[in-house]
Amino acid sequence: MNAASPRIPIVNVEAQHQKLRPEILRALRDVFDSRAYVQGPHVQVFETAFASEHGAAHAAGCSNGTAALSLALEAAGVGPGDEVITTSYTFVATAESILHLGATPVFVDIEPGTYNMDPRLVRQAVTQRTKAIVPVHLYGTPCAMDELREIANENDVVIVEDCAQAHLAKFEGQAVGTFGRAGSFSFYPGKNLGACGDAGMVVSEDENTISRVKKLLDHGRETKYLHDIVGYNRRMDAMQAAILGVKLRYLEEWTSRRRENAEAYDSRLKPAGFQVIEPPDNTEPVYHLYVVQVDNREETTEALASNGIGFGIHYPTPLHLQPSMSELGYKAGSLPVTEAVAGRILSLPMCAELSQGQIDRVCDVFVGVARP
Ligand SMILES: Cc1ncc(COP(=O)(O)O)c(C=O)c1O
């Protein structure tokens, strides 16, 4: 690596925290002094602010994005014996949330340009046992919510959106998370809106769904020591809520920067013949990741690494081929588009803090070695 070229991380949480340090520390001191460390007013304030940013009526803060999705599904009535149609091309948490309820994930293949589940295949996968559809807005690109909603309505199944990578993303002007029964979000540190630890959120238009989620995540409490359902401890920490409340004020601005950065990458990589994410015109994607396909991934990642450039592979093994999912009975070849892209995708550095100079450097190294 050239000594004059500092490392370019795939995501730069440190730079974000340097800027916000005084504000975050003030917010943390508030929580510390309040002695309300679990749930409490800081969580409530953040729930209201986050719901309002997404045009959602109600929200429930919880311990992480996996818990958020599972709680939303449970509140929607998903349970043992049910089938839930989703994508195999996602982080494992999507399917875990379904499996932990005793339900079965039914994986459908994806569309090649958006990497999101193909609505035509969702329609074909509906059976008598289908209880829910879980669209994952992967990389921050919204799924085709019009078609999915039509399928859900026609077949009387619920939609629970996995929005872990898609804070503020919009489909036809409407924020993700608000199209179905509920939407779940993750605030894992590297997410577009990230905590300094684990946190998650369920949003919904339906007050009953959120009351049910809030009850489930706090031991099924009716009152302090009266528990009318068997619940969990999946509550949100006040410290995380306070940090997220500070960061939420910058999310619009950070999201615009991500879009500009994606445009800058696109303008170099598309003319060079690379397959980049193709968000449909009726969506406003938020580029949680900037993903490009390459023919020679190993060679390319070696070149990036030796030039001090961070990268990721999201995700190398689709869920239907994971050892933990082998009982579901899928085989190599079951989902051809998913399997083909999993062998070719590569995530380049992407965050609001990335500069044009850094993007130029990443592209110089990348184009110098990668083959479309
Ligand atoms: C698509 C997707 N779903 C669910 C999750 C789970 O979120 P968490 O890590 O907060 O549990 C993540 C993030 O890691 C994700 O990317």
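I359 is buried, having 23 other C-beta atoms within 10 Å, where buried denotes 20 or more other C-beta atoms within 10 Å of a residue's own, exposed 12 or fewer, and partly exposed anything in between, with C-beta atoms placed from the backbone. The structure is a predicted model, in which local features need pLDDT of at least 70 and side-chain atom pairs count only at pLDDT 80 or more, while totals for chains, interfaces and linings use all residues. Residues are numbered from 1 along each chain as its sequence is written.

I359 lies in helix α12, which covers residues 356-369; helices (H or I, at least four residues) and strands (E, at least two) are DSSP runs, numbered from the N terminus. Leaving aside residues up to four places away in sequence, I359 touches N261, A264, Y265 and L354, a contact being a pair of residues whose C-beta atoms, placed from the backbone, lie within 7 Å. I359 and P349 are 10 residues apart in sequence, and their C-alpha atoms are 8.1 Å apart in space.

## Helix α2 and its buried face

Helix α2 has 13 residues (41-53) and should span 18 Å at 1.5 Å a residue, which agrees with the 18 Å between its end C-alpha atoms; the expected span is 1.5 Å times one less than the number of residues. The buried residues of α2 are H42, V43, F46, E47, F50 and A51. Seen down the axis of α2, these buried residues fall within an arc of 155°, so they line one face of the helix, the arc being that of the directions from the helix axis to the C-beta atoms. An α-helix has 3.6 residues a turn, so residues three or four places apart point the same way.

Just after α2, G55 adopts a positive phi of about 65°.

## Two helices against α8

The axes of α2 and α8 are 8 Å apart and the helices pack at an angle of about 35°, where axes are lines fitted to C-alpha atoms, for helices over the stretch in contact, and angles run from 0 to 180 degrees between N-to-C directions. α2 passes α8 in a left-handed crossing; a crossing is left-handed if the near helix is turned anticlockwise from the far one by less than a right angle, and right-handed if clockwise. On the α2 side, the contact includes V45, A49 and E53, and on the α8 side A241, L244 and L248.

α1 and α8 pack at an angle of about 145°, their axes being 9 Å apart, and α1 passes α8 in a right-handed crossing. Among the residues that meet here are L20, I24 and L28 of α1 and M239, I243 and V246 of α8.

Y115, in the loop between β3 (104-108) and α5 (119-125), has a positive phi of about 70° although it is not a glycine. With 25 C-beta neighbours inside 10 Å, Y115 counts as buried.

E172 is likewise a residue other than glycine with a positive phi, near 45°, and is found in the loop between β6 (170-171) and β7 (174-175); with 12 C-beta neighbours inside 10 Å, E172 counts as exposed. A cis peptide bond, with omega of about 15°, joins H314 and Y315, and Y315 is placed in the loop between α10 (297-306) and α11 (336-342).

Definitions and conventions
Contact = placed C-beta atoms within 7 Å.
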